[in-house]
Amino acid sequence: MSANQETTRVTVAYGDGIGPEIMKATLSILEAAGARLEYDVITIGEQMYTSGHTSGISPEAWNVLRRNPVFLKAPITTPQGGGYKSLNVTIRKTMGLFANVRPTRAYTPFVHSNFPEMDVVVVRENEEDLYAGIEHQQTPEVVQCLKLISRPGSEKIIRYAFEYAKANGRKKVTCMSKDNIMKHTDGLFHKIFNETSKEYPEIEAEHYIVDIGSARIADNPERFDVIVTLNLYGDIISDITAEIAGSVGLGGSSNIGETLAMFEAIHGSAPDIAGKGIANPSGLINGACMMLTHVGQADVAETIQNALLKTLEDGIHTGDLASDEYTKQRVNTREFAEAIIERFGQKPERLNAVSLNRDAKPIQVKASPTPLVKKELVGSDVFIDWVGENRNPDVLGDNLSEIAQRSQMKLKMITNRGVKVYPNGMPETFCTDHWRCRFIHADGSSVVSYEQLTSLLNDLIVADFNFIKTENLYLMDGERAYSLAQGE
Ligand code: NAD
């Protein structure tokens with residue numbers, strides 16, 4: 001028996017393409033397994049897009065989503081072009097679904113993979129990083145995308161990964177970041193991982209730089225257990241793990257927030273086979289099992305997942321899995337669901353049986369309050385669009401040095417794409433039209449006032465320098481809170 005005997009209300013969307021077929025099959029399995037669920041059906045996707053809702057969802061559907069704690073979503077078709085937004089991204093961001101959890105395991109020999117023991121869960125941060133989508137073209141030559149990493153955002157996802165590991169009998173959490181290069185953004189993520197991991201001494205914690213870490217996943221995924229990482233790396237890594245496990249079509253995924261969690265299959269709406277009744281419902285079934293565990297019905301999830309494994313083992317396969325060697329009966333979507341239901345109570349013999357923590361509660365995590373920090377302004381990086389005098393950094397530097405004196409500031413250095421080019425740059429360095437000019441107090445160490453900064457910017461305007469933006473330089477509790485330039 002599971003901890004939770006209450007009935008949970010679920011928002012359900014049948015989606016597009018094969019969505020309705022695999023959702024019907026999935027709901028029939030949930031019902032037969034005695035899942036304590038009640039459903040509110042919403043319409044999203046193609047039908048809404050074409051009726052004028054560019055986000056693919058109506059205001060009424062939002063209200064239902066907000067009311068219920070979980071959402072089981074079949075894949076939807078995103079129309080090409082026409083300014084339509086991805087509904088997944090819209091729901092994820094609007095509802096604060098910060099954790100994308102993607103388990104992938106091998107089903108060899110029934111589904112081919114080179115890594116039969118592979119069983120990895122990628123816990124991907126879902127809201128921050130380069131996916132904040134803040135991009136600007138700043139000069140004719142340079143475009144930027146802001147990478148935003150927050151302390152609470154990082155703590156929430158890392159804590160979620162450890163809590164997930166604890167609840168699911170996992171032994172190790174691996175953090176992947178690139179903090180050898182991005183010392184402040186990825187550095188914060190890694191630092192919070194180190195701090196948080198100390199609260200979970202029973203779980204092994206390790207860190208990989210994401211490039212060698214990804215290479216290890218591709219070469220030896222069986223050594224990984226739970227992987228927690230930032231948004232972009234997680235997007236890439238979770239596709240690699242799904243692909244090398246051979247189970248893209250079988251994988252479920254969850255998007256977890258504080259008040260709502262969304263569960264789905266990894267795959268899309270497969271319009272090429274829609275309406276034929278032949279789609280494999282396993283991805284959505286696995287997503288639904290993640291939902292059951294989330295709402296405290298791990299016992300039901302375990303029954304379904306073991307029956308699904310037994311079905312695969314017995315050679316009862318949908319067309320996408322059919323092989324001469326292992327398929328005994330080629331079935332359609334409905335027959336596959338019926339075969340699972342017939343196997344409730346059975347466990348696989350060759351594949352590893354699923355064993356879930358029956359007492360698992362919905363994982364709720366909160367970030368700690370942000371500590372008070374003493375913040376001192378010690379300078380500013382002023383970004384300038386400039387090509388004058390053959391882009392000679394010395395000409396720019398000498399000019400700016402003179403202007404800086406008027407506001408008791410001094411030009412410390414100039415970089416171009418992060419490389420120091422003034423003073424004493426190397427002639428070989430390629431320079432674009434985008435210059436970062438670092439100004440500090442004239443005496444080299446004091447705190448800078450906002451009056452000094454605004455006066456400097458005024459003097460730059462008067463001297464006809466086209467500044468794009470400024471980034472203030474702070475000490476936080478006396479520590480430098482900005483990066484040095486290469487060569488600084
Ligand atoms: P897809 O995953 O829908 O299909 C890729 C291939 O896999 C197709 O050949 C398809 O027939 C097959 N396939 C997928 N799921 C299957 C299943 N359950 N059983 C058997 N075969 C299956 O990817 P796509 O073709 O790139 O995308 C189609 C549409 O789905 C697009 O509009 C895309 O935007 C959307 N999509 C939605 C989601 C989502 O809602 N979460 C995710 C990905 C793609």
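Two residues are in contact when heavy atoms of theirs lie within 4.5 Å. This cut-off applies throughout the legends below, which describe a predicted model in which local features need a pLDDT of at least 70, side-chain atom pairs count only at pLDDT 80 or more, and totals for chains, interfaces and linings use all residues. Residues are numbered from 1 along each chain as its sequence is written, and side-chain values use heavy atoms, with hydrogens and water left out.

**View 1. The whole protein.** Among contacts between residues at least 6 apart in sequence, 78% join residues at least 24 apart. The C-alpha trace spans about 85 × 55 × 45 Å along its principal axes, and the protein has 14 helices and 20 strands, where helices (H or I, at least four residues) and strands (E, at least two) are DSSP runs numbered from the N terminus. Of the 488 residues, 53% are buried; buried means under 20% relative accessible area, exposed means over 50%, and partly exposed lies in between, with a 1.4 Å probe and protein chains only. The protein exposes about 21,900 Å², of which carbon and sulfur atoms supply 50%, the areas coming from the Shrake-Rupley method with a 1.4 Å probe, and for residues only the protein chains shown count as cover.

View 2. Oxygen atoms of the ligand lie 2.7 Å from a backbone N or O atom of Gly 268 and 2.7 Å from a backbone N or O atom of Ala 270, while the side chain of Lys 73 places an N or O atom 3.2 Å from an oxygen atom of the ligand. Taken alone, the ligand exposes 810 Å², and the protein buries 64% of that.

View 3. The buried residues of α1 include Gly 19, Ile 22, Met 23, Thr 26, Leu 27 and Leu 30. The buried residues of this helix pack against β1 (8-13), β2 (37-42), β3 (70-73), α9 (282-294), α10 (298-313) and α11 (333-342). Just after α1, Gly 34 takes a positive phi of about 80°.

**View 4. Helix α6 under its cover.** Among the buried residues of α6 are Leu 188, Phe 189, Ile 192, Phe 193 and Thr 196. The cover over the buried residues of α6 includes α5 (151-167), β8 (172-177), β9 (204-209), β10 (226-229) and α8 (231-245).

View 5. Most residues other than glycine have a negative phi, and most peptide bonds are trans. A cis peptide bond with omega about 0° joins Thr 108 and Pro 109, and Pro 109 lies in the loop between β4 (99-105) and β5 (119-125). Another cis peptide bond, with omega about -10°, joins Tyr 422 and Pro 423, the latter in the loop between β17 (419-422) and β18 (434-441). Arg 391, which is not a glycine, has a positive phi of about 55°; this arginine is in helix α12 (residues 388-391) and, at 26% relative accessibility, counts as partly exposed. Asp 464 has a positive phi near 70°, is found in the loop between α14 (450-462) and β19, and counts as exposed at 70% relative accessibility.

**View 6. Met 476 in strand β19.** Met 476 belongs to strand β19 (residues 466-476) and is partly exposed, with a relative accessible area of 29%. The C-alpha atoms of Met 476 and Glu 376 are separated by 6.6 Å, although these residues are 100 residues apart along the chain. Leaving aside neighbours within four places in sequence, Met 476 is in contact with Val 373, Lys 374, Lys 375 and Ala 481.

Terms used:
Polar contact = N/O pair within 3.5 Å; in protein donor to acceptor, adjacent residues only side chain to side chain.
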